[in-house]
Amino acid sequence: MTSQTTLDKTGPGDEASSSSSGSSGRPASGLRGHPWFTLITVAVGVMMVALDGTIVAIANPAIQKDLNASFADVQWITNGYFLALAVCLITAGKLGDRFGHRQTFLIGVVGFAAASGAIGMSSSIALVITFRVLQGLFGALLMPAALGLLRATFSAEKLNMAIGIWGMVIGASTAGGPIIGGVLVEHVNWQSVFFINVPVGVLAVALGAWILLDHRAENAPRSFDVLGIALLSAAMFCLVWALIKAPEWGWGDGRTWTFIVVAVVGFALFAFWETKVKEPLIPLALFRSVPLSAGVVLMVLMAIAFMGGLFFVTFYLQNVHGMGPIDAGLHLLPLTGMMIVGSPLAGAMITKFGPRVPLAGGMAAVAIAMAGMSTLDAGTGSGLMSLWFALLGLGLAPVMVGATEVIVGNAPMELSGVAGGLQQAGMQIGGSLGTAVLGAVMASKVDSDLAGNWKDAGLPPLTPHQLDQASEAVQVGVPPVAPNTPEAVAAKIGDVAHDTFVSGMSLASLVAAGVAVVAVLVALLTKRGENAEAGAGVGHI
């Protein structure tokens, strides 16, 4: 809290002033501490994290096939990464305040690049998931540290420009992820999607060691909410695990509800502990503001609809439409491209009208787009798909931009950094929950429809074990065709698999649309905060 207030007062010429910024006191020399070169350096590092948000989605089908992974395993490639990132963001920010953002940034870059290389060398899905979790942990170190470096380096009048440029870099990385991922998966292999982070990481470390100046906040925290971190991590793990395993165990199974109950108890204990600890992981006093609380809920709901819906799209494009990874990436470009185009437009609208109307309108567009995506089938053309993807991206842009004003602007100024971290954590947790919730919806729908569709097609009956195996394949759009199956029978199996997958994706998309409708109502509770302009750079990224 103290660190954010201190950093807000720091300008480009303050690097050497330990009295004003609390830095280590080393004078800037040459390019060291130069604001714009600092921006370039941190942008290179954070680019890896942004790129991984979309590039891995293109690689998921290849990973699933090459490592013979289950549907739940593929979910955990995404869930493990986002969950680790979400849980550690606020704690990582406090680590940077205490030990210096330069050191924390460099450690994050080295760890992220090393974990990426380890994934590329992994020969089992268990190792991939393990190193993806480590990626998330190091990514959490990297992101708040990069923001802290920018806030300490740029003057107040130039900080927003710097954050805007950095946001464009992140947006371009996000948009380019599907294309780069498609090229690498199709012409090299899925491992190269992760190996690409290694040279980027080396460049970021070299630039960081040369250019970045150490900034340390005055009155940095001396304790960490270790129990709070443990309680929140355990609660989130139990909740997501229950949602992923429910299709396999059954929603009426005692194991499913045991994990759900443990998750609820964990969240309750976390909330209680946060009121007692001296330096809580998340100060609950923030939630006394109704608009701020609505903003956090809005971020979670938006991420559930967006991340959860996007998870199935890559399987739909590649396994149902038979596209190569590059074509699949190109088909997703309208979504990420419209997010980049829509962000400045959304910023202008929010400045003129306030956040309530743009946020509600944006989530309404998301709801319409997800409802439109529920009508996609195996014969849908590229034009109609692109229309719904573009509308989804256009709707998401105001939510991404407006969250700054809603969350950070409605928080006390001394808690603006914590509020910015809370926004990021809410988005990551929502993405993890979205993949789990909509994955459970998809699995349940496929399980309930496959046997009937199989029988109606006149295909040979399956044993219960064979039906379970077929269902698992169909959940990712893959026809369960055995070797040496006659061509006519294989074609029937393909039709059944694709129709069943599409029915599951349609239901999941409708659920996502329903979540977006709820988010529209939540957006109506938001309003401009007193500190909106002062916090403009904190929450947007």
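**Close-up 1. The side chain of S116 and the backbone of F112.** In this predicted model, a polar atom of the S116 side chain lies 2.8 Å from the backbone oxygen of F112. To find your way here, look for helix α5, which spans residues 101-120 and holds S116.

**Close-up 2. S116 and its partner Q135.** Leaving aside residues up to four places away in sequence, S116 touches Q135, F194 and N197. Is S116 buried or exposed? Its relative accessibility is 0%, so S116 counts as buried.

**Close-up 3. Helices α14 and α18 side by side.** Now we move to another pair of elements: helix α14 covers residues 356-373, and helix α18 covers residues 487-523. Their axes come within 8 Å and cross at roughly 170°. Angles over 145 degrees count as roughly antiparallel, so α14 is roughly antiparallel to α18. The crossing of these two helices is left-handed.

**Close-up 4. The residues where α14 meets α18.** Which residues of α14 make the contact? They are R356, L359, A360, M363, A364, V366, A367, M370, A371 and M373. On the α18 side, the contact is made by M505, S509, A512, A513, A516, V517, A519, V520 and A523.

Key. Residues are numbered from 1 along each chain as its sequence is written. This is a predicted model: local features need pLDDT of at least 70, side-chain atom pairs count only at pLDDT 80 or more; totals for chains, interfaces and linings use all residues. Side-chain values use heavy atoms; hydrogens and water are left out. Axes are lines fitted to C-alpha atoms, for helices over the stretch in contact, and angles run from 0 to 180 degrees between N-to-C directions. Helices (H or I, at least four residues) and strands (E, at least two) are DSSP runs, numbered from the N terminus. Angles under 35 degrees count as roughly parallel, over 145 as roughly antiparallel, 65 to 115 as roughly perpendicular and the rest as oblique. A crossing is left-handed if the near helix is turned anticlockwise from the far one by less than a right angle, and right-handed if clockwise. Contact means heavy atoms within 4.5 Å. Buried means under 20% relative accessible area, exposed over 50%, partly exposed in between (1.4 Å probe, protein chains only). A polar contact is a pair of N or O atoms within 3.5 Å; within protein, one must be able to donate a hydrogen and the other to accept it, and residues adjacent in sequence count only if both atoms are side-chain atoms.
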